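Visitor: I am new to reading protein models. Please walk me through this one, step by step.

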Amino acid sequence: MVYRLGLFNAGRDYIGGRTRSADGLDLGAHWIHGTDGNPLAELCEKMHLELHLTGGNSTYPGGPYRIQFYDPMGPISDVSRDIAYTTYQRICHDVHEFEENLRARAKGNDMEEILADYESSLTLADAFETVVRDRYPFLHRSQAAREDLSRIRWHLQLECRDDLGEDAERLSWWYHDAAGRTEVFQGENACVSHKQGMSALTTALAKGLDIYKADPIAKVEYGLGGKQVTVTTRHNKSHTADACIVTLPIGVLQKEKDPVIFDPPLPAEKVQAIQRLGSATVNKVFLEFDRVFWPQQHYAFAYIDTDNFDDSSVSAGAVGMARDGKPAAYPRLLINYYRALGRPVLGVVCGGEDGRRIELRTMDENRDWVMRLVRRLFGPDSPMPKHVSATSWGTDPMSLGSVPCMPVGTRPDDVLVCERNHHSLIIWLV
Ligand SMILES: Cc1cc2nc3c(=O)[nH]c(=O)nc-3n(C[C@H](O)[C@H](O)[C@H](O)COP(=O)(O)OP(=O)(O)OC[C@H]3O[C@@H](n4cnc5c(N)ncnc54)[C@H](O)[C@@H]3O)c2cc1C
C-alpha cells in the first residue's frame with residue numbers, strides 16, 4: 001500500500017516546530033536522550049547525520065559525572081558530589097516505595113478515598129519532603145547536613161524544572177513521569193553535531209513530503225463510521241485524507257481563543273484529559289563570546305546556591321529556584337556548547353518558573369542573569385558576550401509551551417486517552 005503523507009507546519013518559516021536550529025544552535029529539541037535503541041538515533045544514522053555524544057544517563061543533560069559542580073566556596077569535591085547524587089537516588093527510591101506502601105495498605109481497606117485525595121492533591125515536592133523529613137531527619141540537623149540537602153535538592157530541581165519542564169511544586173507525585181509511560185533509553189545522550197543542529201533531522205525527514213506552511217488549520221472534520229478526515233485552513237482550503245494525526249502542541253489544543261475546531265467535538269474524556277495536562281515552558285538563553293575562557297573539558301557546570309538556601313521545605317528552599325514570585329538568583333546549570341559546536345557559546349536551559357521568567361525579562365536582563373553565574377564560576381573579569389539570544393516558547397502562538405507535563409490533578413491515562421484512535425483521528429502529544 002502506498003501512503004501519501006502531508007504535513008501542516010503553519011506559522012513557521014522553517015521545517016519543524018519545536019525542533020528548530022538557528023545558526024547551528026538548537027532553540028528547541030537538542031538532546032537524543034539515551035542512544036541505545038532510540039529510533040531518533042537510528043534515523044540520524046540513516047540520514048548520515050553525525051552525532052556528538054554528550055555523556056549522561058537519560059536523566060541529566062550531560063550526566064552527573066560530566067558536570068563540574070560548584071557552590072559559593074568554589075568547585076565541589078567529587079566525593080560530596082557523589083554522596084549527594086547517591087542520596088538523591090535513594091530518596092527517589094523511597095518516594096516510590098512510599099507510594100507502593102500506600103497503595104498496598106489501601107487494598108481491601110477503606111482507604112480508596114484517601115488515595116484519591118493524594119492522587120489529586122499531592123505534589124512531587126510534597127512527597128519528596130515527607131520522605132526527607134521521615135527517613136532522613138539528620139539532613140536538617142546541622143549546617144553541613146543542610147548543605148548536603150541543598151545539593152540533593154539541586155538534582156530534584158534539575159530533573160523537574162529543566163527536564164520535565166515544570167516545578168516539583170506543581171507536578172503530580174504519582175504521575176509526573178507520565179505514569180511510568182516515559183520510555184527511558186539507555187546509553188549516552190547525544191546531539192546532532194557541528195553547525196547542523198537538530199533541524200538537520202527534520203529537514204532530512206521532510207524530503208518528498210507535501211508541506212503546507214502558510215495557512216493554519218482552523219477545523220478538523222472527522223468521519224463517523226470509518227469516513228475520511230478533512231482539515232480546513234483559515235483561508236478555507238480543504239485537504240481530505242484517510243486518517244489524521246494531530247500533533248498540535250498541548251498549549252495550542254488547550255487555548256480558548258481561536259481554537260482549532262473539531263467536528264464533531266472530541267469526546268468528553270479526550271477534552272477533559274487535554275484540559276488536565278500541563279503545558280510546561282522550557283526556554284534557553286545562549287551567550288556567544290569571542291573566545292573560550294572556561295574549562296573546556298567539562299560539558300556542563302552546575303551551581304548549587306547554598307547562600308540562598310532555606311531548608312524549611314522543598315517548596316520554600318529548593319536551591320536556586322524562584323520563590324514567592326521572585327526570580328532565582330542564578331541558573332542551575334551552564335552548558336558548554338563548545339564541546340558540541342566548536343564555538344565559544346555558553347547557555348542555559350530552564351523550565352518551570354525559571355523558564356517562564358526568561359520570557360518576562362528583556363534580553364539584557366537575561367544576559368545579566370546568566371552572566372552573574374558565569375562570573376561567579378569563572379571570575380569577575382569574565383568578558384561580556386558578543387551576542388545573546390533567548391527563546392520564548394511559552395508565548396509563541398504556534399506552540400504556547402514547550403512540552404506536555406503531568407501537573408497535580410492529572411490522571412494516569414490522560415496521555416493514552418488523547419492518543420487513542422478515534423475515527424481515524426489520533427492526538428499525539430510530545
Ligand atoms: C526548549 C525546548 C527544548 C526541548 N528539548 C528537547 C530535547 O532535548 N530532546 C527531545 O527529545 N525533545 C525536546 N523538546 C521537545 C521536542 O521539541 C518536541 O517534543 C517535538 O519537537 C514535538 O514535535 P511535534 O512535531 O509533535 O510538534 P511541533 O514541533 O510543535 O510541531 C507542531 C507544528 O504545528 C504547527 N501548528 C501549530 N498550530 C497549527 C495550526 N493551527 N495549523 C497548522 N499548523 C500548526 C506549529 O507551527 C508546528 O510547526 C524540547 C522542546 C523545547 C521547546
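Visitor: How many helices and strands are there in the protein chain?
Guide: This is a predicted model: local features need pLDDT of at least 70, side-chain atom pairs count only at pLDDT 80 or more, and totals for chains, interfaces and linings use all residues. Residues are numbered from 1 along each chain as its sequence is written. Helices (H or I, at least four residues) and strands (E, at least two) are DSSP runs, numbered from the N terminus. The protein chain has 13 helices and 21 strands.

Visitor: What percentage of the residues of the protein chain count as buried?
Guide: A residue is buried if 20 or more other C-beta atoms lie within 10 Å of its own, exposed if 12 or fewer, and partly exposed in between; C-beta atoms are placed from the backbone. The protein chain has 430 residues, and the buried share of them is 41%.

Visitor: Which strands stand at the edges of the seven-strand sheet?
Guide: Two strands pair if DSSP finds at least two bridges between them. This open sheet has mixed pairing and the order β6-β5-β16-β17-β18-β15-β19. Each edge strand has a single partner, so one side of each is left without a neighbour in the sheet; these strands are β6 (74–75) and β19.

Visitor: How many bridges join β15 to strand β18?
Guide: Strand β15 covers residues 282–288, and six of its seven residues are buried, so it is largely enclosed by the rest of the structure. Strand β18 (residues 345–351) runs antiparallel to β15. Val282 stands opposite Gly351 in β18, and Glu288 stands opposite Val345. The bridges between β15 and β18 number seven.

Visitor: What is the bridge partner of Glu288 in β19?
Guide: Strand β19 (residues 387–390) is antiparallel to β15, and four bridges join them. In β19, Glu288 is paired with His387.

Visitor: At about what angle does helix α12 run to β19?
Guide: Axes are lines fitted to C-alpha atoms, for helices over the stretch in contact, and angles run from 0 to 180 degrees between N-to-C directions. Two residues are in contact if their C-beta atoms, placed from the backbone, lie within 7 Å. Helix α12 (residues 363–378) lies across several strands, including β15, β18 and β19. To β19, α12 runs at about 115°.

Visitor: Which residues does Gln68 touch, not counting residues up to four places away in sequence?
Guide: Gln68 sits in strand β5. With 21 C-beta neighbours inside 10 Å, Gln68 counts as buried. Beyond four places in sequence, Gln68 touches Pro75, Pro295, His298 and Phe301.

Visitor: Which helices are included in what covers the buried residues of α2?
Guide: Helix α2 (residues 78–106) has 29 residues and reaches 42 Å from its first C-alpha to its last, close to the 42 Å expected at 1.5 Å a residue. That expected span is 1.5 Å times one less than the number of residues. Ala84, Tyr85, Tyr88, Ile91 and Val95 are buried in α2. Their cover includes α4 (124–135) and α5 (143–164).

Visitor: By how many degrees are neighbouring strands of the four-strand sheet turned against each other on average?
Guide: The order here is β11-β10-β9-β13, in an open sheet with mixed pairing. Strands β11 and β13 are at the edges, and each pairs on one side only.

Visitor: Is Asn236 buried or exposed?
Guide: Asn236 lies in the loop between β10 (229–233) and β11 (238–241). Asn236 has a positive phi of about 70°, although it is not a glycine. Within 10 Å there are 9 other C-beta atoms, so Asn236 is exposed.

Visitor: How many residues of the shell around the ligand are charged?
Guide: A residue is near a molecule or strand if its C-beta atom, placed from the backbone, lies within 6 Å of it. The ligand is surrounded by 30 residues, and Ala10, Gly17, Ala29, Met398 and Ser402 are the closest. Ala, Val, Leu, Ile, Met, Phe, Trp, Tyr, Cys and Pro count as nonpolar, Asp, Glu, Lys and Arg as charged, and the others, Gly among them, as polar. The shell has 15 nonpolar residues and twelve polar ones, and the charged residues number three.
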